[in-house]
Amino acid sequence: MEQNAAAPFERGTDGPKVIVVGIDGSDSSWRAAAYAAGLARRQGSKLALVYVQPVLPAGAAMGAPVVDATDEVAKELMAEIRKATERLQGMDQVRWEFHTLRGDPYNGMVQMADELTADAVVVGASESAGHRIMGSVAVRLVKAGRWPVTVVP
């Protein structure tokens, strides 16, 4: 049987080219980032670290400087990522980028995965008890069924 050399590329069949990982500063998100970085290094993939800054209209209504606080978290996360790449051997071999946007974490992750044509999404397991009722970002991403999703405990 002759194989067609001009066969179209199928996303996800040749290993991940782009891995999107959600980070928010929680322990589980840092474990997810470490797992995704190792996967990206082994697969030669680009690693896209994504922080979705939550929009908290209730806090803003009370006069809390929510936007400043979430911008500060984004800056701290970027600083931590830079420190980690300097500490970890082999991380210099990983092509990575940091993205931040405001909004709902689930919708932000979907948006970034779509924009970056992600082949895989990695997130940390939820550490919030409230997610048992509303559903965690991880569960919602899995249910979307658009990419392979790895949930790191």
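Contact here means heavy atoms within 4.5 Å. This is a predicted model, in which local features need pLDDT of at least 70 and side-chain atom pairs count only at pLDDT 80 or more, while totals for chains, interfaces and linings use all residues. Residues are numbered from 1 along each chain as its sequence is written, and side-chain values use heavy atoms, with hydrogens and water left out.

**Overall fold**

- The protein chain has 6 helices and 5 strands, these being DSSP runs (helices H or I, at least four residues; strands E, at least two) numbered from the N terminus, and they follow the pattern β-α-β-α-α-β-α-β-α-α-β along the sequence.
- Among contacts between residues at least 6 apart in sequence, 75% join residues at least 24 apart.
- Of the 153 residues in the chain, 39% are buried, a term for under 20% relative accessible area with a 1.4 Å probe, counting protein chains only.

**Nonpolar cores**

- A nonpolar core is a set of buried Ala, Val, Leu, Ile, Met, Phe, Trp, Tyr and Cys residues joined through side-chain atoms within 4.5 Å; the largest has 19 residues, and Leu 47 is one of those with the most contacts inside it.
- Two or more residues come to this core from each of β1 (18–22), α1 (27–43), β2 (46–53), α3 (66–87) and β4 (120–124), with α1 giving the most, 6 residues.
- Apart from this core lies another, of 18 residues, including Ala 113 and Leu 141.
- Leaving aside neighbours within four places in sequence, Leu 47 is in contact with residues including Ile 19, Val 21, Ala 36, Trp 96 and Glu 97.

**Ser 136**

- Ser 136 lies in the loop between α5 (131–134) and α6 (137–144), and is buried, with a relative accessible area of 9%.
- A polar atom of the Ser 136 side chain lies 3.1 Å from the backbone nitrogen of Val 139.

How values were computed: Buried means under 20% relative accessible area, exposed over 50%, partly exposed in between (1.4 Å probe, protein chains only). A polar contact is a pair of N or O atoms within 3.5 Å; within protein, one must be able to donate a hydrogen and the other to accept it, and residues adjacent in sequence count only if both atoms are side-chain atoms.
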